[in-house]
Amino acid sequence: MADIKIITEKCVGCKLCVKACPFNAIEMQEKKAVILDTCTLCGVCVSSCKFEAIDFTKDEVQAMDISAYQGVWVFGEQANGVPADVALELLGEGRKLANELHETLSAVLIGDQVEDAAKTLIAHGADKVYLVDDPSLKNFNDESYADIFVQLIQEYKPEIVLMGATTYGRSLAPRVSSRINTGLTADCTKLEIDPEKKILRQTRPAFGGNLMATIICPNHRPQMSTVRPKVMKPLPPDDSRIGEIVRPDVTIPADLKTRVLKVVSELCEMVSLTEADIIVSGGRGIGDPKNFAMIEELARTLGGAVGASRATVDAGWIEYSHQVGQTGKTVGPKVYFACGISGAVQHLAGMSSSDTIIAINKNPDAPIFKVANFGIVGDVLQVVPALISEFKARLG
């Protein structure tokens, strides 16, 4: 069992360990260091002590037997029986990974009356679909879905599990990974198999998109990732593909702490923000909440979705569901219009993977122009109406 204690005879009262402790769990008593009950056994203080006056015993961690884990799994996220685009994108990427490992590609499909969706997943590359179909699972509930997913992992032992970095995936993935005691890499933009070690290399943006970090999970299984929508490409559907639909014997939890009473879709949300090819976002630079009407009109003209900066959401100008950024949604459309958005690093973290970024701002020194492919320096209240007029004329 892990334990830590001060060797009183060696302690000289230098206070280096007190300064080193990130949890303020060491204090001086009678010129000797004393470890408090708030100690988390992180061990940072041990290396700070120059007099070897701290005795630290770590727990012995037993190595996990990973040899039994095989196959690539994709969470078949769906709504009303229709697979989400990100699920099909992950099947396309999962197919590549499974082929490199010479293993099968499977999808996990949970819902009510979703057998047709299982056939769609097979057409897009799945060799096998684990189908859990029950009326109580019609609406997504992270509590029940996580419990079922954990049961399936424990029974069938996949090597890799991929989920979309969507509202549902970001809620489900950490619940599952913590239950099975494995690592989870969030918001990945690239996945590849290490040619020598045959483990998953998971790459994701870090430090507001200024650095790309590649993460591995060598000692635990499954290797879990959430992947940003619109980053991977789906395979063309092949309706002639034949796959296996497995109906596993699972226990569907009945005693839930939360229940979905009603699912409400916003009337103005014509296109899903995370799946849109075109997004028009507004920031505080539009000047007034009523000016979101022109943002919505431009989005509607182009068949896109409406996004927003955190500042406008915090000000109550628009609903949180439209927020793009580190604390909102991560998007990767083909075209992203940033209207009156200065370009704070938190916002850039949520949209920097867009194919084309068009920035409109009257401040020529706004940070958004550093990441934009095209920039318009001007009054957004004049530029956006002009764009609407021109697009309407050209698109008929």
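Is Asp 187 buried or exposed? I looked this up first: Asp 187 is buried, with a relative accessible area of 12%. The classes I use are buried for under 20% relative accessible area, exposed for over 50%, and partly exposed in between, with a 1.4 Å probe and protein chains only.

**Basis.** I note that this is a predicted model, in which local features need pLDDT of at least 70, side-chain atom pairs count only at pLDDT 80 or more, and totals for chains, interfaces and linings use all residues. Residues are numbered from 1 along each chain as its sequence is written, and side-chain values use heavy atoms, with hydrogens and water left out.

**Whole chain.** I recorded 11 helices and 21 strands; these are DSSP runs numbered from the N terminus, helices being H or I of at least four residues and strands E of at least two. The C-alpha atoms fill a box of roughly 85 × 55 × 45 Å along the principal axes. I then turned to contacts, meaning heavy atoms within 4.5 Å. Of those between residues at least 6 apart in sequence, 63% join residues at least 24 apart.

**Sheet β12-β13-β14.** I traced an open sheet of three strands in this order, with antiparallel pairing; two strands pair if DSSP finds at least two bridges between them. β12 (190–193) and β14 (211–215) stand at the edges with a single partner strand each, so one side of each lacks a neighbour in the sheet. Neighbouring strands are turned by 25° against each other on average, direction ignored. For such angles, axes are lines fitted to C-alpha atoms, for helices over the stretch in contact, and the angles run from 0 to 180 degrees between N-to-C directions. I also saw helix α3 (residues 85–101) packing on the sheet, where α3 touches β12 and β13 and makes about 15° with the direction of β12.

**Pairing in detail.** Over four bridges, β12 pairs with β13 (residues 200–206) in the antiparallel sense. I listed two bridge partners in β13: Arg 201 for Glu 192, and Gln 202 for Leu 191. The two strands form a hairpin with six residues between them, and Lys 198 in the turn has a positive phi of about 60°. Why is β13 largely enclosed by the rest of the structure? I counted this as settled by burial, because five of the seven residues of β13 are buried.

**Backbone geometry.** I returned to Asp 187, which is found in strand β11 (residues 184–188) and has a positive phi of about 60° although it is not a glycine. Glu 52 also has a positive phi, near 50°. I placed Glu 52 in the loop between α2 (44–48) and β4 (54–57), where it counts as exposed at 60% relative accessibility. Which peptide bond is cis? I noted the one from Arg 221 to Pro 222, with omega near 0°; Pro 222 lies in the loop between β14 and β15 (223–227).

**Asn 373.** I located Asn 373 in the loop between α10 (368–371) and β21 (374–377), partly exposed at a relative accessible area of 44%. Leaving out residues up to four places away in sequence, Asn 373 touches Asp 355, Thr 356 and Ile 357. Its C-alpha atom is separated by 32 Å from that of Ile 216, 157 residues apart along the chain.
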